[in-house]
Amino acid sequence: MNTSAPLTAHDADTLMQQLGRQARTAATVMAAASTAEKNAALTVLARLIREQGEALQTANLKDIAAAEEAGLAAPMIDRLRITAKIVEQMAQNAEQVAALPDPVGEITNLRRRPTGISVGQMRVPLGVFGMIYESRPNVTIEAASLAIKSGNACILRGGSEAIHSNLALWQLVQAALLEAGLPGDAVQLVPTTDRAAVGRLIAMPEFVDVIIPRGGKGLIERISNDAKVPVIKHLDGNCHTYVDAEVDLDLAVKVTDNAKTQKYSPCNATESLLVHEKSAPAFLARIGRVFADKGVEMRVDAAAKKILSMVPGANLVDATEQDWYEEFLAPIISIKVVAGVSEAIAHINHYGSHHTDAILTTNHPNAMRFLREVDSSSVMINASTRFADGFEYGLGAEIGISTDKFHARGPVGLEGLTSLKYVVLGQGEVRV
C-alpha cells in the first residue's frame, strides 16, 4: 500500500474493518496468554530493537528528510528523531514492562457471603484499544509493550510525519509476537496517513473497546467529539502550585522552581502559581528572582505585580481572565495572590484542567483539605507537579494520562488497560 495515497471511503472502510476483525480475534488469544509468553515477546522485542538499531535509524531518516522539506519546526523534528540513545531506551522500555507484575487474572476483594458463595473481582484485559498519537516514534514501542503485557490487542495510528519509523518498529513488534508463539495481529499499525482511516477507527465499537488519543489539545478534542467508543483522555494540563501561609520557604522555592522550569513542555509542568497573601511578600521576592534569571514571563494579578515589580529584570504582564485557564507549555506562568486555602481550592477547581495540583504547606489540616477537595486526577503535598508520571508513580510505563472520572484516572499503566469483573465461587449453593 502507498502510505501517503488518499483512500476512498470504501477503501478506508475495508482496511479498518480488516484490522478490526484481526484485532478482535487476536484479543481472545492474548487474554488467555500466560505471563511467560507475554514476557518472552517483550524480551525478544528488546533484542530485535537493538539488533535492528541501524535499520530503524535509516527508516527514520526518511521521516526526518520529509519533515525538513515540509518545514516542520525544529522541536517537532527533534521529537521525531531516532538516535542510538533512543534505540536503547526503546529496548529498555520493553524489558522494564516485562519485569512488571502481570495484573491479568488477579482476584481481589474476595469475601464469603452468608449464603456460602464467595464473591470477588478479577482483573481482565479491556480487549482491543485503538491509539492515535503524534510525533514520537518511541510511543509505538511503549503502546505495543503495554498492550502485550496487559493481554490486549491494539491498533496503532501514529502521526503521518513518522510513518516510515513507525512501520519499521511495528514490523519488529510483529516478529517478536510470532517468535513468542503469540498472534502477530495483536499489535497492528494503520499503514496509511489518510485521515479517513482515523475516522473509521474511532467509530467501530464492534471491534474497538476504547480509544486513547495522545497528542495536542486539538487532536484530543477532535477524537473526543467524533468517537463512537469510549475515550481515555486529558485535554490539557493547567497544573497549579499553591503556596500556603504556613510553609517552609526554602522548600517552596525549590519545588516551585522545579515544577515550572525543569521542563516547560510536559503536561505536568506547573502553569499557574497561587500564593497566600501572608507568604506572598517573602516568597514572591525569591521565586521572582529565580524566574527572572531563567527568562520566565510572569502574568500577574495586581497584588503579585506590586511585589514582583521590585525584582530586577522581572518580565511582568498583567494577567487576563484567559491566562488563568491557559496551558502555556512555555516559559510563562500565571501568578495570583489569594486570601487562603479556600480561595485557592475554588480557583483550581474553576480554572484548572483536573490534571495535577500541589499544595506547599506545613499546616496538616490544610494539606488534608486540599487533598480531599481539589478535583484533579493527581493531588500533591510538598512535591513538584512534575512527578505526575507513570514511571515516577511506579507503574513502569504509561500509555497516557486520564482526567476522566470513570475506569482509569491519572497516569494509565497496565492496570488502566484492564477492568474488573465479578467472579463467584460456590459449592453447589442455590438461591432461595
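A residue is described as buried when its relative accessible area is under 20%. In this predicted model, Leu-80 has a relative accessibility of 0% and therefore counts as buried. Leu-80 belongs to helix H4, which covers residues 74-80, and, when residues up to four places away in sequence are not counted, Leu-80 touches Asn-60, Asp-63, Ile-64, Ala-67, Ser-135, Pro-137, Glu-161 and Ala-162. One of these contacts, Glu-161, stands 81 residues from Leu-80 in sequence, although the two C-alpha atoms are 7.9 Å apart in space.

The second largest pocket holds about 340 Å³ of space. Its lining is made up of 19 residues, of which Glu-134, Arg-157, Arg-195, Leu-219 and Arg-222 are the closest to the centre of the pocket. At least two residues of this lining come from each of strand E3 (128-133), helix H8 (195-201) and helix H9 (217-226), and H9 makes the greatest contribution, with 4 residues. By residue class, the lining of the second largest pocket comprises 8 nonpolar, 5 polar and 6 charged residues.

The cysteines were also examined, and a search of the whole structure finds 0 disulfides. In the case of Cys-239, the closest cysteine sulfur is that of Cys-267, at a distance of 6.8 Å, which is too far for a bond, because a disulfide requires two cysteine sulfur atoms within 2.5 Å. Cys-239 has 0% relative accessibility and so counts as buried, and Cys-154, at 0% relative accessibility, likewise counts as buried.

Methods: Residues numbered from 1 in each chain as written. Predicted model: local features only at pLDDT ≥ 70, side-chain atom pairs only at ≥ 80, totals over all residues. Heavy atoms only, no water. 1 Å grid on protein atoms, 1.4 Å probe; cavity = no way out; pocket = protein on both sides within 12 Å on 5 of 7 lines; lining within 4 Å. Points joined across faces, edges and corners; volume = space filled by probe spheres on them. Nonpolar A, V, L, I, M, F, W, Y, C, P; charged D, E, K, R; others polar. Buried < 20%, exposed > 50% of the residue type's maximum accessible area, 1.4 Å probe, protein only. Contact = heavy atoms within 4.5 Å.
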